[in-house]
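Please look through the structure shown here with its side chains displayed. The paragraphs that follow take up charged pairs, a sheet and aromatic rings in turn.

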Amino acid sequence: MKYCSFLRIAALAFAGLMSSSVFAAVLMPSGGDDTSAIQNALNSAGTGTVELGEGTFIISGTAGITWSNGATLKGQGWDKTIVQGGSCQRGFKLSGGSKIQGMTIQGFTGSYRGSAIYVEKGSVSWCCVKDNVSTATDTGNGSAAGICILNGTIDHCIVANNDVASSSCALGAGIGGLLGGSDGSKIGPVTIDTCLVYGNDNEGTKVGGGIAFSNWSGAVTIRNTNHFGIAGYYSLMAADADMIGIAMTNTEAIAIPTNGKKAMLGTSPIAVAMPADPTPFAFDCATTVVTRGKLEVYNKRGEPLPEGWTADENG
């Protein structure tokens with residue numbers, strides 16, 4: 001009798017595990033709107049995995065797809081599973097530790113936070129997030145055309161050619177974060193690790209403005225931006241979060257090598273910052289005799305440049 005009771009309890013426990021944690025569904029594109037099919041599968045998945053097969057899935061509806069049960073939406077790879085935006089304000093909203101993996105998410109245009117993906121708490125990995133547009137006109141309602149993240153991880157992702165329609169929405173053409181939402185939500189630890197961000201010719205601070213840091217190491221490479229801004233601004237963000245921050249960039253060739261005549265090097269600024277008492281340590285410099293910004297200041301003032309700062313046709 002006791003043995004039968006044990007088996008009954010074990011069977012019930014296993015059934016509960018299967019229904020809440022190990023659920024798996026494989027979906028294929030319908031050729032039409034796939035929003036309901038994906039949403040229903042995620043709602044039933046518990047903390048399990050919903051797989052999207054190869055092909056292009058269409059997402060529509062005002063809010064796109066939203067889930068908070070910790071389930072994983074997994075594609076077959078960013079070259080095989082494509083999620084295309086239809087008529088909606090956002091592609092995906094994740095919370096409760098939910099995850100998106102292995103797909104391309106593209107073509108979403110909306111005014112909500114994260115036109116493609118909004119992560120309240122969760123992760124995005126091995127995804128390509130491209131060609132999305134934020135039409136938000138203020139940073140409170142819309143941040144980031146690509147990924148807006150409050151708490152979680154973005155790793156091994158390509159975030160490319162995303163754009164903002166309004167210059168007043170400055171928190172992230174590609175990746176953005178909020179210091180606090182109008183709904184009372186607060187930003188938590190955010191890790192961005194081994195990602196490539198194409199800035200779509202936006203200013204540096206618009207590519208990843210407002211991103212917080214967690215106490216993990218991470219690296220982000222950003223390409224095709226406009227003015228980088230102040231390198232020390234980014235490294236000090238890490239120091240303010242009790243971490244060591246390193247920021248650097250290359251630039252166009254405007255510096256002449258020693259004893260040379262032709263510009264072959266950039267100013268290539270390097271900035272390092274770390275927590276210290278009573279104030280953080282911060283080192284921010286150009287690798288040239290003078291920064292380009294100082295040259296512009298002298299030019300605007302109409303003042304002659306000090307000897308050794310520039311060269312003529314003879315070097």
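Is glutamate 120 buried, partly exposed or exposed? Glutamate 120 counts as partly exposed because its relative accessibility is 23%; buried means under 20% relative accessible area, exposed over 50%, and partly exposed in between, using a 1.4 Å probe and protein chains only. This is a predicted model, in which local features need pLDDT of at least 70 and side-chain atom pairs count only at pLDDT 80 or more, while totals for chains, interfaces and linings use all residues. Residues are numbered from 1 along each chain as its sequence is written, and side-chain values use heavy atoms, with hydrogens and water left out.

Glutamate 120 takes part in a salt bridge with lysine 93, where the closest N and O atoms are 3.7 Å apart. The pair links distant parts of the chain, 27 residues apart: glutamate 120 sits in the loop between strand 11 (117-119) and strand 12 (122-125), and lysine 93 in strand 7 (residues 92-94). Strands (E, at least two residues) and helices (H or I, at least four) are DSSP runs numbered from the N terminus. Lysine 93 is also partly exposed, because its relative accessibility is 23%. A salt bridge here is a side-chain nitrogen of Lys or Arg within 4 Å of a carboxyl oxygen of Asp or Glu, and the structure holds 2 of them. Aspartate 131 and lysine 130 form a salt bridge at 3.1 Å, N to O. Aspartate 131 is partly exposed at 37% relative accessibility, as is lysine 130 at 25%.

An open sheet is formed by 3 strands in the order 10-14-18, with parallel pairing. Strand 10 (109-110) and strand 18 (163-164) are the edge strands, each pairing on one side only. Two strands pair if DSSP finds at least two bridges between them; strand 14 (residues 133-134) and strand 18 are joined by 2 bridges. Serine 134 has valine 164 in strand 18 as its bridge partner.

The whole structure has 3 aromatic pairs, a pair being rings of Phe, Tyr or Trp (its six-membered ring) with centres within 6.5 Å; planes under 30 degrees apart count as stacked, over 60 as edge-to-face and the rest as tilted. One of them joins tryptophan 67 and phenylalanine 92 edge-to-face, at 6.1 Å centre to centre and 90° between the planes. Because tryptophan 67 lies in strand 4 (residues 65-67) and phenylalanine 92 in strand 7, this pair ties together parts that are 25 residues apart in sequence. Tryptophan 67 is buried at 2% relative accessibility, and phenylalanine 92 is buried at 0%.
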